[in-house]
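Colleague: Before we discuss the labels attached to this protein, may I see the sequence and the structure?

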Amino acid sequence: MRDQRDKALEGVTLDIDDTRFIRCKLYSCTPRYSGGECEFLACDITNNQIVVAGAAQRTMKVLESLGFFNKVSACAA
């Protein structure tokens, strides 16, 4: 897993799989999650919209069909 430390990101789309974010600031970003490991440690995360794709999207659809979540929007891969 790669580390991102003390980064300030605003308005970007970023893949978060296989990444550990340490003391980062994410403002109005679009984190894209596909099912890999990721961690956020001591981060300031504000006004972001997550996108799920791949294995993560399939997991969300299964959980949705079991009644755990509202409908998950599809993501262009």
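Modeller: Aspartate 17 is placed in the loop between strand E3 (13–15) and strand E4 (19–22); strands (E, at least two residues) are DSSP runs, numbered from the N terminus. This is a predicted model, in which local features need pLDDT of at least 70, side-chain atom pairs count only at pLDDT 80 or more, and totals for chains, interfaces and linings use all residues. Residues are numbered from 1 along each chain as its sequence is written, and side-chain values use heavy atoms, leaving out hydrogens and water.

Colleague: What does the side chain of aspartate 17 reach?

Modeller: It reaches the backbone nitrogen of glycine 36 at 2.5 Å.

Colleague: Which residue pair meets the salt-bridge definition at 2.7 Å?

Modeller: The side chains of arginine 20 and aspartate 3 do, with 2.7 Å from N to O, so the pair falls within the 4 Å limit. This pair links distant parts of the chain, with arginine 20 in strand E4 and aspartate 3 in strand E1 (residues 2–5), 17 residues apart. Arginine 20 also forms a salt bridge with glutamate 39, at 3.0 Å between the closest N and O atoms. Asp3, Arg5, Arg20 and Glu39 are linked in a network of salt bridges.

Colleague: What makes the pair of phenylalanine 21 and phenylalanine 40 stacked?

Modeller: A search of the whole structure finds one aromatic pair. Its rings, those of phenylalanine 21 and phenylalanine 40, are 4.9 Å centre to centre with 5° between the planes. Rings of Phe, Tyr and Trp (its six-membered ring) pair if their centres lie within 6.5 Å, and planes under 30 degrees apart count as stacked, over 60 as edge-to-face and the rest as tilted.

Colleague: Why is phenylalanine 21 called buried, and phenylalanine 40 partly exposed?

Modeller: Buried means under 20% relative accessible area, exposed over 50%, and partly exposed in between (1.4 Å probe, protein chains only). Phenylalanine 21 has 2% and is therefore buried, while phenylalanine 40 has 31% and is therefore partly exposed.

Key. Helix = DSSP H or I, 4+ residues; strand = E, 2+ residues; numbered from the N terminus. Polar contact = N/O pair within 3.5 Å; in protein donor to acceptor, adjacent residues only side chain to side chain.
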